[in-house]
Amino acid sequence: MKSKYSIFSLVRNAMGYHQGWEQAWRSPEPKPEYDVIIIGGGGHGLATAYYLAKEHGITNVAVIEKGWIGGGNTGRNTTIIRSNYLWDESARLYDMSLKLYEGLSQDLNFNIMLSQRGVLNLAHNLHDLREISRRVNAIRLNGIDSEMLSTADVQAMVPILDCSKNARYPILGASLQKRGGVARHDGVAWGYARAADARGIDIIQKCEVTGIMRDGDTVTGVETSRGTIKAKKVAIVTAGHTSHVAAMAGLRLPIESFPLQAMVSEPIKPILDCVVMSGAVHAYISQSDRGEMVMGAGIDHFISYTQKSTLAVVEQQMAAVTKLIPILSRLRLMRQWAGIVDTCPDASPIVSKTPVEGLYVNGGWGTGGFKGTPGSGWVFAHTIAQDRPHALNAPFALERFTTGALIDEHGAAAVAH
Amino acid sequence: MFLINCPWCGERDEEEFAYGGEAHIVRPKDPDALNDEEWADYLFMRKNTKGNYLERWNHAHGCRRWFNMQRNTATHEFGAVYKIGEKPPK
Ligand SMILES: Cc1cc2nc3c(=O)[nH]c(=O)nc-3n(C[C@H](O)[C@H](O)[C@H](O)COP(=O)(O)OP(=O)(O)OC[C@H]3O[C@@H](n4cnc5c(N)ncnc54)[C@H](O)[C@@H]3O)c2cc1C
Ligand SMILES: [Zn+2]
């Protein structure tokens, strides 16, 4: 049993000059065989492992990560969480995820610093306004909180936004999801890792999967940089490399991989207490607890695996942000970076069985999968344990590209997070 | 920032170009003969290669012509530039 994190453990450890904290998870040698191998130690992979143990009692599980856990998109994203998606299928999945987030710190006994500070989506022209109102209504019909704000409401809520008539991007109103907000991205990965480890799951870092072994149409294990590991079931959860890893098992996926960038400014005093998003100008802004302005940009339009930031995007991004919030114009950028986001043609994820027996894939979350982390792990664990999808992820199966039942979330997800 | 070598205009800034994705995807000759799997493959499935990739680009803010280019998606190294309809160089 792991000792519980609490005010008392904090005090006790403070007396020992914080030398006595035990490791949050072990670093075991891989066993020769597991019931389930999860490839990819991002939030989604770790959540899948945790719910396999917690909900289905499957604990002979390894999470195999080529770098360090959370070092992929989980540790690179702008941490915006919301569930205001247009279509019923997405609304159900993302809201279930948000509900899990709401109890996650307690469930994991790890403070993921969820801050439901509200997420605004700005309308800059009449068309935006109509589209946003339509969404707000659709979202409310699905029982999810969402409301329309007037320009005056927006100005009152975010005084630093340029809401003047002659602004470069006039603000005609906005939608608001009050339950939306941000969370600590590393905390989500670490919390799931610690809780999964406590239930006996092996988290194996610095171990790259280089091949997927099959016997005919059945998966039998993986080849890794640390040798062969057998498994009855293998799950691919490798955002940024979903199609690359799936190709190791001979699968072809409807996924393309693009760089998505973000950047933070130098830290300043608190000036923004909610999340501001504008799909039209590709700008997403919040302020971190350290005071940095966290700003997300659009994707580069070409396929790339390099995780490199490009000047063109930074420039566009800054042009947009400084028009929306002019007082930011003299801030310096401290860091900028990119993550590789795997996108599907309908901007919705794939959480699915595959034509290979015992092989499962969870990917294509594109620019917006951080908010989906708990829900994704929960439904994927169900899919792996029962060998059939849960009702919540059945619409997100691979077959939808053959049947044509796409879930077009371009408006909610393509550029927005 | 890329400098892309348009076969008609020479080296130009990346910002002038639009991306056209994977090259050499052939439109089905007899669409009625395709089943749903084959349509899905044509419409949605992509190689998405990590490494040398053959892609289409359009010099959208220049001569507005399409061309093919080889580019390494893992290193951003550029290879051969060749015209639409031409076979990729070996
Ligand atoms: C700049 C940026 C901003 C974003 N902003 C938001 C946002 O505000 N809100 C939101 O909801 N989403 C956002 N996203 C998207 C979100 O980050 C991702 O959808 C989500 O984190 C994906 O989680 P994951 O666990 O699937 O992937 P990852 O955390 O990327 O994990 C995948 C792991 O697989 C590992 N892996 C890959 N290949 C192998 C192999 N062969 N063997 C072993 N391991 C392997 C990788 O090393 C990696 O750690 C953003 C993304 C980026 C890049
Ligand atoms: Zn040209």
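**Ground rules.** I'm working on a prediction, where local features need pLDDT of at least 70, side-chain atom pairs count only at pLDDT 80 or more, and totals for chains, interfaces and linings use all residues. Residues are numbered from 1 along each chain as its sequence is written, chains are lettered from A and ligands numbered from 1 in the order in which they are written, and side-chain values use heavy atoms, with hydrogens and water left out.

**Interface, extent.** I looked up who touches whom: 25 residues of chain A contact 24 residues of chain B, contact meaning heavy atoms within 4.5 Å. About 2200 Å² is buried between the two chains, 56% of it from carbon and sulfur atoms. Buried area here is the accessible area (1.4 Å probe) that two parts lose on being put together, summed over both. On the chain A side, A:Arg252, A:Phe302 and A:Ile303 lose the most area to chain B, together 28% of what that side buries.

I found one salt bridge across the A–B interface, the rule being a side-chain nitrogen of Lys or Arg within 4 Å of a carboxyl oxygen of Asp or Glu. A:Arg252 and B:Asp41 form a salt bridge, 2.9 Å from N to O. I also noted twelve residue pairs in polar contact between chain A and chain B, both residues at pLDDT 80 or more. That term needs N or O atoms within 3.5 Å, with one able to donate a hydrogen and the other to accept it within protein; residues adjacent in sequence count only if both atoms are side-chain atoms. By class, chain A's touching side has twelve nonpolar, nine polar and four charged residues. For those classes, Ala, Val, Leu, Ile, Met, Phe, Trp, Tyr, Cys and Pro are nonpolar, Asp, Glu, Lys and Arg charged, and the others, Gly among them, polar.

**Chain B and its zinc.** I read chain B as β-β-β-α-β-β-β along the sequence, using DSSP runs numbered from the N terminus (helices H or I, at least four residues; strands E, at least two). Which residues hold the zinc ion (ligand 2)? Its protein donors are B:Cys6 (SG), B:Cys9 (SG), B:His59 (ND1) and B:Cys63 (SG), at 2.0 to 2.3 Å. Donors are N, O and S atoms within 2.8 Å of the metal (3.2 Å for Na, K and Ca); water is not among the atoms, so sites may look incomplete. The site is tetrahedral, with angles of 104 to 118 degrees among its four donor atoms; the label requires all angles between 85 and 135 degrees. B:Cys9 sits in the E1–E2 loop of chain B and B:His59 in the E4–E5 loop, so the pair ties together parts 50 residues apart in sequence.

**Inside chain A.** I checked A:Asp197, which makes a salt bridge with A:Arg26 at 2.9 Å between the closest N and O atoms. A:Asp197 is in helix H7 (residues 185–198) and A:Arg26 in the loop between helix H1 and strand E1, so they link parts 171 residues apart in sequence.

Methods: Tetrahedral: all angles 85-135°; square planar, octahedral: opposite > 155°, others 65-115°.
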